[in-house]
Amino acid sequence: MSNKISVPIGNDFCPQTLFTYGTFKADGTPNFGLFCWFSYCWFDELGVICAIGGHKQTQERILANRVFSANLVTESNLALSDYFGTADGHDADKMDIPFQWERGHVLDVPVLTDCPFSFELEVDKVIPTNEEEGDTVFLCRIRNVLKNADLVDSGLPVDELMRKVGAVRTAGGIEYWSWDGRHLGAWHEPAQQIKPGVVVGKAAQM
(Lines give C-alpha, C1' and ligand atoms only; values in the text may rest on other atoms or scores of the structure.)
Protein backbone atom coordinates (compact mmCIF):
# COMPACT_ATOMS: atom_id res chain seq x y z
CA MET A 1 0.00 0.00 0.00
CA SER A 2 1.37 3.43 -0.97
CA ASN A 3 2.48 5.81 1.77
CA LYS A 4 1.91 8.90 -0.41
CA ILE A 5 -0.24 11.77 0.86
CA SER A 6 -1.53 14.93 -0.84
CA VAL A 7 0.32 18.13 0.11
CA PRO A 8 0.08 21.81 -0.89
CA ILE A 9 1.26 22.59 -4.43
CA GLY A 10 4.96 23.46 -4.55
CA ASN A 11 8.32 22.69 -6.15
CA ASP A 12 10.31 21.50 -3.13
CA PHE A 13 12.01 18.67 -5.04
CA CYS A 14 12.59 20.48 -8.33
CA PRO A 15 16.05 22.06 -8.07
CA GLN A 16 16.71 24.67 -10.72
CA THR A 17 19.75 26.56 -11.92
CA LEU A 18 19.38 30.32 -12.01
CA PHE A 19 20.03 32.79 -14.81
CA THR A 20 20.57 36.53 -14.89
CA TYR A 21 18.69 38.01 -17.85
CA GLY A 22 20.26 40.93 -19.70
CA THR A 23 18.26 43.50 -21.67
CA PHE A 24 18.79 47.05 -22.89
CA LYS A 25 16.63 49.82 -21.49
CA ALA A 26 15.06 52.42 -23.77
CA ASP A 27 18.08 54.73 -23.26
CA GLY A 28 20.48 52.00 -24.40
CA THR A 29 21.92 51.22 -20.96
CA PRO A 30 22.00 47.61 -19.71
CA ASN A 31 19.51 46.13 -17.26
CA PHE A 32 19.96 42.78 -15.52
CA GLY A 33 17.48 40.76 -13.45
CA LEU A 34 17.65 37.37 -11.74
CA PHE A 35 15.25 34.54 -12.58
CA CYS A 36 14.92 30.80 -12.01
CA TRP A 37 11.83 29.70 -13.99
CA PHE A 38 13.97 28.59 -16.93
CA SER A 39 13.91 25.36 -18.92
CA TYR A 40 14.05 24.01 -22.47
CA CYS A 41 11.65 23.32 -25.33
CA TRP A 42 11.85 22.15 -28.93
CA PHE A 43 11.04 23.96 -32.16
CA ASP A 44 12.91 22.48 -35.12
CA GLU A 45 15.92 22.81 -32.79
CA LEU A 46 16.62 23.22 -29.10
CA GLY A 47 14.95 26.26 -27.59
CA VAL A 48 14.42 27.87 -24.20
CA ILE A 49 11.27 28.51 -22.18
CA CYS A 50 11.29 31.35 -19.63
CA ALA A 51 8.46 32.33 -17.28
CA ILE A 52 8.37 35.73 -15.57
CA GLY A 53 5.85 36.44 -12.84
CA GLY A 54 4.56 39.99 -12.40
CA HIS A 55 5.32 43.34 -13.99
CA LYS A 56 9.09 43.80 -14.03
CA GLN A 57 11.60 45.96 -15.85
CA THR A 58 13.19 42.90 -17.45
CA GLN A 59 9.85 41.59 -18.69
CA GLU A 60 9.00 44.99 -20.16
CA ARG A 61 12.32 45.20 -21.98
CA ILE A 62 12.04 41.65 -23.35
CA LEU A 63 8.61 42.50 -24.74
CA ALA A 64 10.00 45.69 -26.28
CA ASN A 65 13.23 44.26 -27.72
CA ARG A 66 12.30 40.60 -28.30
CA VAL A 67 15.91 39.63 -27.51
CA PHE A 68 17.85 39.11 -24.27
CA SER A 69 20.73 37.20 -22.73
CA ALA A 70 20.53 34.49 -20.07
CA ASN A 71 23.71 34.29 -17.98
CA LEU A 72 24.33 31.29 -15.74
CA VAL A 73 24.53 32.14 -12.03
CA THR A 74 27.65 30.67 -10.46
CA GLU A 75 29.30 30.90 -7.06
CA SER A 76 31.69 33.54 -8.43
CA ASN A 77 28.90 35.88 -9.57
CA LEU A 78 26.21 34.99 -7.01
CA ALA A 79 26.48 38.21 -5.00
CA LEU A 80 26.08 40.35 -8.13
CA SER A 81 23.24 38.22 -9.50
CA ASP A 82 21.45 38.22 -6.14
CA TYR A 83 21.73 42.01 -6.09
CA PHE A 84 20.10 42.13 -9.52
CA GLY A 85 17.27 40.03 -8.07
CA THR A 86 16.91 42.13 -4.93
CA ALA A 87 17.01 45.76 -6.09
CA ASP A 88 13.84 47.01 -7.78
CA GLY A 89 14.28 47.02 -11.55
CA HIS A 90 12.37 50.30 -11.85
CA ASP A 91 14.70 52.18 -9.47
CA ALA A 92 16.82 54.66 -11.43
CA ASP A 93 19.98 53.85 -9.47
CA LYS A 94 19.72 50.04 -9.58
CA MET A 95 22.50 49.69 -12.13
CA ASP A 96 24.78 52.30 -10.52
CA ILE A 97 27.22 49.71 -9.20
CA PRO A 98 30.61 48.57 -10.50
CA PHE A 99 30.34 45.53 -12.78
CA GLN A 100 31.50 44.48 -16.23
CA TRP A 101 29.35 43.67 -19.21
CA GLU A 102 29.83 43.27 -22.95
CA ARG A 103 27.66 42.94 -26.02
CA GLY A 104 26.55 39.59 -27.38
CA HIS A 105 28.36 38.15 -30.40
CA VAL A 106 25.20 37.61 -32.49
CA LEU A 107 22.36 39.61 -30.91
CA ASP A 108 22.39 43.15 -29.54
CA VAL A 109 22.07 42.11 -25.90
CA PRO A 110 24.18 42.82 -22.81
CA VAL A 111 26.10 39.85 -21.42
CA LEU A 112 27.72 39.60 -17.98
CA THR A 113 31.50 39.39 -18.38
CA ASP A 114 31.85 37.44 -15.11
CA CYS A 115 29.79 34.52 -16.38
CA PRO A 116 31.23 31.32 -17.85
CA PHE A 117 28.14 30.39 -19.88
CA SER A 118 25.52 32.60 -21.55
CA PHE A 119 22.69 32.24 -24.06
CA GLU A 120 21.74 34.90 -26.59
CA LEU A 121 17.98 34.46 -27.00
CA GLU A 122 15.37 35.68 -29.47
CA VAL A 123 11.70 35.51 -28.49
CA ASP A 124 9.65 33.32 -30.83
CA LYS A 125 6.33 33.26 -28.94
CA VAL A 126 4.83 35.21 -26.05
CA ILE A 127 2.18 33.48 -23.93
CA PRO A 128 0.41 35.63 -21.31
CA THR A 129 -0.70 33.38 -18.44
CA ASN A 130 -2.26 36.10 -16.24
CA GLU A 131 -2.52 39.41 -18.08
CA GLU A 132 -3.79 41.36 -15.07
CA GLU A 133 -0.77 40.36 -12.98
CA GLY A 134 1.65 40.47 -15.90
CA ASP A 135 2.65 36.80 -15.73
CA THR A 136 4.23 35.79 -19.05
CA VAL A 137 5.90 32.78 -20.68
CA PHE A 138 8.47 33.35 -23.41
CA LEU A 139 9.41 30.63 -25.91
CA CYS A 140 12.83 31.55 -27.28
CA ARG A 141 15.22 30.48 -29.98
CA ILE A 142 18.88 30.14 -29.03
CA ARG A 143 20.80 32.33 -31.47
CA ASN A 144 24.20 31.90 -29.82
CA VAL A 145 25.93 30.26 -26.86
CA LEU A 146 28.94 31.91 -25.22
CA LYS A 147 31.26 29.76 -23.13
CA ASN A 148 34.57 30.48 -21.42
CA ALA A 149 37.42 29.08 -23.50
CA ASP A 150 38.75 26.97 -20.63
CA LEU A 151 35.46 25.05 -20.56
CA VAL A 152 35.61 24.08 -24.23
CA ASP A 153 37.09 20.63 -24.97
CA SER A 154 38.53 20.56 -21.45
CA GLY A 155 38.49 16.76 -21.29
CA LEU A 156 37.15 16.93 -17.74
CA PRO A 157 34.47 14.41 -16.71
CA VAL A 158 31.02 15.88 -16.18
CA ASP A 159 31.20 15.90 -12.37
CA GLU A 160 34.51 17.80 -12.35
CA LEU A 161 33.27 20.18 -15.04
CA MET A 162 30.17 20.98 -13.01
CA ARG A 163 32.30 21.69 -9.94
CA LYS A 164 34.58 23.93 -12.00
CA VAL A 165 31.64 25.92 -13.36
CA GLY A 166 30.16 26.24 -9.87
CA ALA A 167 26.52 26.60 -10.92
CA VAL A 168 24.13 27.79 -8.22
CA ARG A 169 20.66 26.31 -7.79
CA THR A 170 17.54 26.83 -5.76
CA ALA A 171 14.64 24.59 -4.78
CA GLY A 172 11.40 25.14 -2.94
CA GLY A 173 12.10 27.80 -0.34
CA ILE A 174 14.26 30.88 -0.54
CA GLU A 175 17.78 29.49 -0.32
CA TYR A 176 20.81 29.19 -2.60
CA TRP A 177 22.73 25.90 -2.87
CA SER A 178 25.89 24.80 -4.63
CA TRP A 179 25.78 21.99 -7.18
CA ASP A 180 27.30 19.63 -4.57
CA GLY A 181 24.84 20.57 -1.83
CA ARG A 182 26.55 23.37 0.14
CA HIS A 183 24.31 26.10 1.51
CA LEU A 184 25.23 29.48 -0.04
CA GLY A 185 22.79 31.71 1.84
CA ALA A 186 19.21 32.88 1.65
CA TRP A 187 17.83 34.93 -1.23
CA HIS A 188 18.81 38.62 -0.87
CA GLU A 189 21.68 37.93 1.57
CA PRO A 190 24.61 37.84 -0.93
CA ALA A 191 23.34 41.14 -2.38
CA GLN A 192 24.55 42.90 0.76
CA GLN A 193 28.13 42.35 -0.46
CA ILE A 194 27.35 44.56 -3.46
CA LYS A 195 25.31 47.28 -1.77
CA PRO A 196 25.03 46.99 2.03
CA GLY A 197 21.53 47.79 3.22
CA VAL A 198 19.82 47.07 -0.09
CA VAL A 199 16.26 45.92 0.57
CA VAL A 200 13.94 43.76 -1.48
CA GLY A 201 12.24 45.96 -4.06
CA LYS A 202 8.52 45.92 -4.73
CA ALA A 203 9.30 44.34 -8.10
CA ALA A 204 12.23 42.17 -7.00
CA GLN A 205 13.22 40.04 -9.94
CA MET A 206 13.15 36.58 -8.41
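1. Cysteines first: a search of the whole structure, which is a predicted model, turns up zero disulfides. Cys36 is in no disulfide, and the nearest cysteine sulfur, that of Cys14, sits 11 Å away. Cys36 is also buried, at 6% relative accessible area. As for Cys41, the closest cysteine sulfur is in Cys140, and at 7.5 Å that is too far for a bond; the cut-off for a disulfide is 2.5 Å.

2. On to charges. There are eleven salt bridges in the structure. One of them pairs Arg103 with Asp108, 2.5 Å from N to O, and Arg103 is partly exposed at 44% relative accessible area.

3. Strands 9 and 10 deserve a look. Glu122 and Arg143 form a salt bridge at 2.6 Å, N to O. Glu122 belongs to strand 9 and Arg143 to strand 10 (residues 135-147), so this pair ties together parts 21 residues apart in sequence. Glu122 is partly exposed at 29%, and Arg143 is partly exposed at 36%.

4. Asp124 also bridges to Arg141, with the closest N and O atoms 2.9 Å apart. Here too the link runs from strand 9 to strand 10, 17 residues apart. Asp124 is partly exposed (26%), whereas Arg141 is buried (17%). Shared partners join Asp44, Glu45, Glu122, Asp124, Lys125, Arg141 and Arg143 into one salt-bridge network.

5. Last, the largest pocket, which holds about 280 Å³ of space. Its lining includes Thr17, Phe19, Tyr40, Phe117, Lys147 and Met162. Helix 3 gives the most to this lining, with three residues. By type, the lining residues split into ten nonpolar, one polar and one charged.

Conventions
Residues numbered from 1 in each chain as written. Predicted model: local features only at pLDDT ≥ 70, side-chain atom pairs only at ≥ 80, totals over all residues. Heavy atoms only, no water. 1 Å grid on protein atoms, 1.4 Å probe; cavity = no way out; pocket = protein on both sides within 12 Å on 5 of 7 lines; lining within 4 Å. Points joined across faces, edges and corners; volume = space filled by probe spheres on them. Helix = DSSP H or I, 4+ residues; strand = E, 2+ residues; numbered from the N terminus. Nonpolar A, V, L, I, M, F, W, Y, C, P; charged D, E, K, R; others polar. Buried < 20%, exposed > 50% of the residue type's maximum accessible area, 1.4 Å probe, protein only. Salt bridge = Lys/Arg side-chain N within 4 Å of Asp/Glu carboxyl O.
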